[in-house]
Amino acid sequence: MKRVVVTGGAGFIGSALVRRLLEDGDTVAVIDNLLTGHERNLAEVRDRIEFHNVDIRDASAIGGLIRGADVVYHLAAIPSVPKSIDDPVPSHEVNIDGTFNVLRAAAEARVRRVVYAASSSGYGDSETLPKVETMLPRPKSPYAVQKLVGEYYASVFHSCFGLETVALRFFNVYGPRQDPSSPYSGVLSLFMKHLIARTPPTIFGDGEQSRDFTFVEDVAELCAKAARAPGAAGKMYNAGNGGRYTLNFVWDLLQKMEQVRLPAKYGPPRAGDVRHSMADTTAAVAELGHAPRFTIEEGLKRTLAWYKQSQTAAA
Ligand code: UD2
């Protein structure tokens with residue numbers, strides 16, 4: 001039995017990871033300031049975990065909580081490309097300074113390994129697809145820069161301070177519990193909200209931009225594997241599904257699943273947006289044992305079922 005800490009554990013990805021780690025019998029402590037996360041995401045596991053309402057910008061508070069941990073999964077962040085453009089200071093402070101605080105606390109506490117949630121946005125617009133870890137980063141937004149700095153810090157904490165770190169570049173994660181309540185929410189959570197309300201979503205640009213949409217349980221599984229994989233310390237891996245789908249395709253598929261016709265509205269393209277995104281999963285498969293299980297159809301089906309059921313429960 002290990003003691004593990006999940007920063008951002010009340011978020012939609014973090015809470016899926018907490019559930020996954022409890023299956024292994026780990027003792028789980030969550031650090032989350034509930035800025036974008038919710039305690040309700042942990043409702044049915046709440047009495048099996050420690051929960052600390054703490055901000056990762058508070059270095060002294062997190063130091064004590066990280067002490068004694070075997071693994072730290074660092075997922076706490078202010079996500080969103082457009083949010084980092086509209087309001088860059090908080091995302092800079094949380095995503096860069098907060099990450100530094102977590103790494104420093106982990107190094108001082110002699111944590112065995114830190115798994116860091118990096119982002120596919122670091123690639124920017126590459127000339128070729130799929131995107132391979134060896135490509136030069138070309139960040140197009142403050143958020144992409146911030147997540148890259150976290151990767152570099154993770155790597156340097158390994159080479160300079162001997163802390164084992166593994167960075168995983170998450171590729172557009174979706175699934176149950178993704179919060180659709182903000183204009184900065186992930187596009188698939190917004191699609192779900194509109195589909196259920198029978199209202200048209202807004203697509204920014206022509207809708208032909210593509211994403212490697214990755215189901216949250218596949219990402220949680222990969223995080224758990226990254227914590228134990230030998231030879232991975234100091235490295236960065238793609239955490240994607242290895243496919244890519246345009247927004248037009250996905251919105252079409254969702255309408256078919258619900259047998260409705262709701263043509264999307266189209267707006268101007270979003271600043272800082274990457275055009276196409278798709279992961280090369282070769283290294284993650286070979287070195288971490290990555291084995292994504294969910295096709296886009298299956299993932300969307302499960303996600304839609306969850307949104308419908310949670311709406312019924314709330315009514
Ligand atoms: C980026 C990263 C992703 C993750 C995420 C965290 C890339 C390729 N991906 O996601 O890995 O780190 O940031 O926030 O950089 N859109 C609409 N209508 C809407 C909302 C969004 O058309 O109502 C479009 C948006 O312009 C973009 C796509 O949907 O082309 C995906 O947007 P998103 O905000 O869900 O995620 P993205 O790709 O910025």
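Me: Where is Pro-130 found?

Reply: Pro-130 sits in the loop between strand S5 (113-119) and helix H5 (142-161). The model is a predicted one.

Me: What makes the peptide bond from Leu-129 to Pro-130 cis or trans?

Reply: Its omega is near -5°, and the bond is cis. Most peptide bonds are trans.

Me: What is the phi of Ser-80, and where is the place of this residue?

Reply: Ser-80 has a positive phi of about 95° although it is not a glycine. Most residues other than glycine have a negative phi. The place of Ser-80 is the loop between strand S4 (71-74) and helix H3 (81-86).

Me: Which residues surrounding the ligand are the closest?

Reply: The closest are Ser-119, Ser-120, Val-187, Arg-211 and Asp-273, out of 23 residues that surround the ligand. The cut-off for being near is a heavy atom within 4 Å.

Me: How much of the ligand's accessible area does the protein cover?

Reply: On its own the ligand has 750 Å² of accessible area, and the protein covers 91% of it.

Me: Which elements give two or more residues to the shell around the ligand?

Reply: They are helix H6 (187-197) and strand S8 (202-204). S8 gives the largest share, three residues. By class, the shell has eleven nonpolar, nine polar and three charged residues.

Me: How do you know which domains the shell draws on?

Reply: At least three shell residues come from each of domain 1 (3-173 + 215-242 + 279-293) and domain 2 (187-209 + 244-277 + 300-314).

Me: What makes these domains count as being in contact?

Reply: The cut-off is heavy atoms within 4.5 Å. Twelve residues of domain 1 are in contact with eleven residues of domain 2. The two domains bury about 980 Å² between them, with 58% of it on carbon and sulfur atoms. Leu-129, Lys-140 and Phe-215 supply 37% of the area that domain 1 buries against domain 2, more than any other three residues. The domain centres, taken over C-alpha atoms, are separated by 26 Å.

Technical notes: Residues numbered from 1 in each chain as written. Predicted model: local features only at pLDDT ≥ 70, side-chain atom pairs only at ≥ 80, totals over all residues. Heavy atoms only, no water. Areas by Shrake-Rupley, 256 points an atom, 1.4 Å probe, with all protein chains shown as cover. Helix = DSSP H or I, 4+ residues; strand = E, 2+ residues; numbered from the N terminus. Nonpolar A, V, L, I, M, F, W, Y, C, P; charged D, E, K, R; others polar. Domains from an automatic or database assignment. Buried area = accessible area lost by both parts, 1.4 Å probe.
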